[in-house]
Amino acid sequence: MDLMEMLNPMQKKAVSHTEGPALVIAGAGSGKTNVLTRRVAYLISLKKPSFNILAITFTNKAAKEMRGRIDELIGNNDVWVSTFHSLCVRILRRHISEIGFDNSFTIYDADDSLRLIKQCLKDLDVNEKQFPPKSAAYAIGAWKDALIPPELASSEFAGDYRQKQFADTYELYQRKLRLNNALDFDDLIFKTIDLFRASPATLQKYRDRFRYILVDEYQDTNAAQYHVVNLLAGETANLFVVGDDDQSIYGWRGADIRNILDFQKDYENAEMIKLEQNYRSTQMILDAANAVIKNNKRRRPKLLWTHKPGGSPICYFRAENERDEAAFVARTILSGVKDEGKNFSDFAALYRNNAQSRAIEDAFMTRSVPYRIYGGVRFYERAEIKDVIAYLRVVNNPRDSVSLARIINAPRRGVGDATIDRLSLYAARNDVPLYEAFENLDDVEGLGARAAKLVKFKTLMDSFITLAKSGSVTEVMEAIIDQTGYKRELLAENTPESLSRAENIDEFFSKAADFENTSGDKSLSSFLEELSLIADIDGYERDANVVSLMTLHSSKGLEFPRVFLVGLEEGLFPSYRSVVSDDINSVEEERRLCYVGITRAREQLFISSAFSRRQHGQVAFNSPSRFLKEIPEGLIQKMDNANNFENSEPSDVDEKKTSRTGISQYAEINKVRNSIDISFGGKNYASAIPAPNQKPDFAVGDSVRLMKYGVGTVKNIAAAGADYEVTVEFDGLGEKKFMSGLSKIKKIAK
DNA sequence: CAGAGACTCGAGGAG
DNA sequence: CGAGTCTCTG
């Protein structure tokens, strides 16, 4: 086929780019995946060997889709299509011994790593109330994303007691990971860079191999991922990155928008190509998206346009509460299916956080709307599944103390916390993995009669380990499920919950059987690796005729004919945290998330907000989101309880309706619009915030300290309404902007 | 000292 | 609303 067929001039330019760096700014729905896959095909048509090509995506699903489309275009090929994490795992499995790990290493998920961090805090005798494990985990994650090792964190933040405590925890945490022969998610990237730095020969090997590198969703890369790409690209820098700064929504986990904004600085001769023609949505939807995103100050100017004129107006429903909102979603879908011949799979409901899915689920169940949820408590994160996985992990890597501690007493075998503590103490004192405590039970103090139980447990584990040497994954799993009595106990408990958990174990077993039938590498470590890297959205099936429910974050990269954006309320979306944050970028990130949501829709967009909502166990009264007000009124039609349009005129949102508090909601919205900084959600937070109007007591060039970022230099101070916008540059983090009235910016002596 | 039951506290987004 | 912690009992 002709690779340039049906492409617009900009797309052609991108596809035919061969040597040197290129940056493609690809707006939502602009045919980005098509450009990426055709460029791969184009390179191969020029006789570039396919094994020299590496394409990096963020999710397995995106990788799978790209893999499929490349295969479709050019048949048999050796293009390496992979996510950042699986790319790094594949490299580490082969070479990690060069930096002192064993290649049977375990990959810890967020839950595992939190357990280990708790252990560290305990060992360091740190008060969990004062230093919550989650805060420590967040700090450590941020350091890792920014590629800051423990030594550096420790020296850089020595002056800040709290940061120092977290830095010490970080240091111990890394030591324990090594002892456990385990890596967390961030380490997968970090250790790959360590490896490349420690072993130039290994790096060269991969540079020679990956002569052409393509990176999708480049706006979501963090410092560590940037370095992986940068190291691999090397001098030749045949690096082709695609992204959209307006869709950068992962700042909270270290994604650095500067990677895409500064690409042309990093690679001086980079070619830049902009794709602004949208092939997905109607003009009405794009107008709404453009109108919202243009409120962001920090962005490259860009305007999506389409040949699909007009389209249905955006429908807005103001619900009484979250149940009313969910009912609106359900009945609108049902009438679309019944009256307009739509499929359930044409619909998606997108929300800001997973907790919001519950009300919608309830409404769908009572009205028999078929649906599927992505995210929330995932299958592989259920306690019973994690227990079975923990057994498998210990079999694969007995040094994995986190998993071992998890299963010592699961199912109950009379080994309590006190006994585990004694074993842990022995292990910590002798600097050995927990498993070795079992081999020297006589030396562990104060075990008494419990030693017999431990011996029995160890014998059992050893038998599994022996079996794993010759047996298959399913054989080992069957032995575990059977001989530990795990499933038997659940069945004996005979409650609806325990029976459902037993069923989950059966389902997990059949997943293992699937793996054995389909996977090339059928080893236990390969199975565990696949489990670790699986993401929810990977299970997304286009074919099933069900409504999709997912977070806005998960929806990126997908599209649906009809999309519901629910919960457009101040304090929910944008989130409370982003509004009170001292970093003005966080509200802009919420706005980008809104932009992502709007642009998922092909034909029609439905937006809703609720007057009241159960949040955190109590009823909250949120005012409508500022994002709602940013959509021009002429694009919106308001719907009533019977799904009729209210008035024939395009709606004026809430102007005429008076809320229960007696305050006109229009007034509430305006209050939000006019003084977003001090009032939202009908509550007044002014008391918590220092009075504005005060000129900062520092000047350009001064050193200042901020809680979250540490010490930086003031680059600019600009008046912004009643407040001042302060630009501060941080070493290694670059420039960030703050509102001086909101942020606790402290001047420090030079 | 293990296990069950009462109790409190905290709650974003993800590979 | 659920996990983690506290308290009581055997």
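Of the atoms of DNA strand B within 4 Å of the protein, 51% are sugar or phosphate atoms, and the rest belong to bases. Keep in mind that this is a predicted model: local features need pLDDT of at least 70, side-chain atom pairs count only at pLDDT 80 or more, and totals for chains, interfaces and linings use all residues. Residues are numbered from 1 along each chain as its sequence is written, chains are lettered from A and ligands numbered from 1 in the order in which they are written, and side-chain values use heavy atoms, with hydrogens and water left out.

Which residues come nearest to DNA strand B? Asp186, Arg352, Asn354, Thr419 and Glu590, out of 29 around it. Near here means a heavy atom within 4 Å. By class, that surface has 7 nonpolar, 12 polar and 10 charged residues. Nonpolar is Ala, Val, Leu, Ile, Met, Phe, Trp, Tyr, Cys and Pro; charged is Asp, Glu, Lys and Arg; the others, Gly among them, are polar.

Helix 19 (417-430) gives the most, with 4 residues. Helices (H or I, at least four residues) and strands (E, at least two) are DSSP runs, numbered from the N terminus.

Now some polar contacts, meaning N or O pairs within 3.5 Å. A backbone N or O atom of asparagine 354 lies 2.3 Å from a phosphate oxygen. The side chain of serine 575 puts an N or O atom 2.9 Å from a base nitrogen. For the side chain of histidine 85, the partner is a sugar or linking oxygen, at 3.3 Å.

Seven strands, order 11-12-10-13-14-9-17, parallel pairing. Pairing takes at least two DSSP bridges. Strand 11 (371-373) and strand 17 (636-639) stand at the edges with a single partner each, so one side of each has no neighbour in the sheet. Inside the sheet, strand 9 (314-319) and strand 14 (601-610) pair over 5 bridges. One of the bridge pairs is cysteine 315 with phenylalanine 606.

Last, strand 7 (239-243). Is it buried or exposed? 5 of its 5 residues are buried, so strand 7 is largely enclosed by the rest of the structure. Buried is under 20% relative accessible area, with a 1.4 Å probe and protein chains only. Leu239, Val241 and Gly243 point one way; Phe240 and Val242 point the other.

Terms used: A polar contact is a pair of N or O atoms within 3.5 Å; within protein, one must be able to donate a hydrogen and the other to accept it, and residues adjacent in sequence count only if both atoms are side-chain atoms. Buried means under 20% relative accessible area, exposed over 50%, partly exposed in between (1.4 Å probe, protein chains only).
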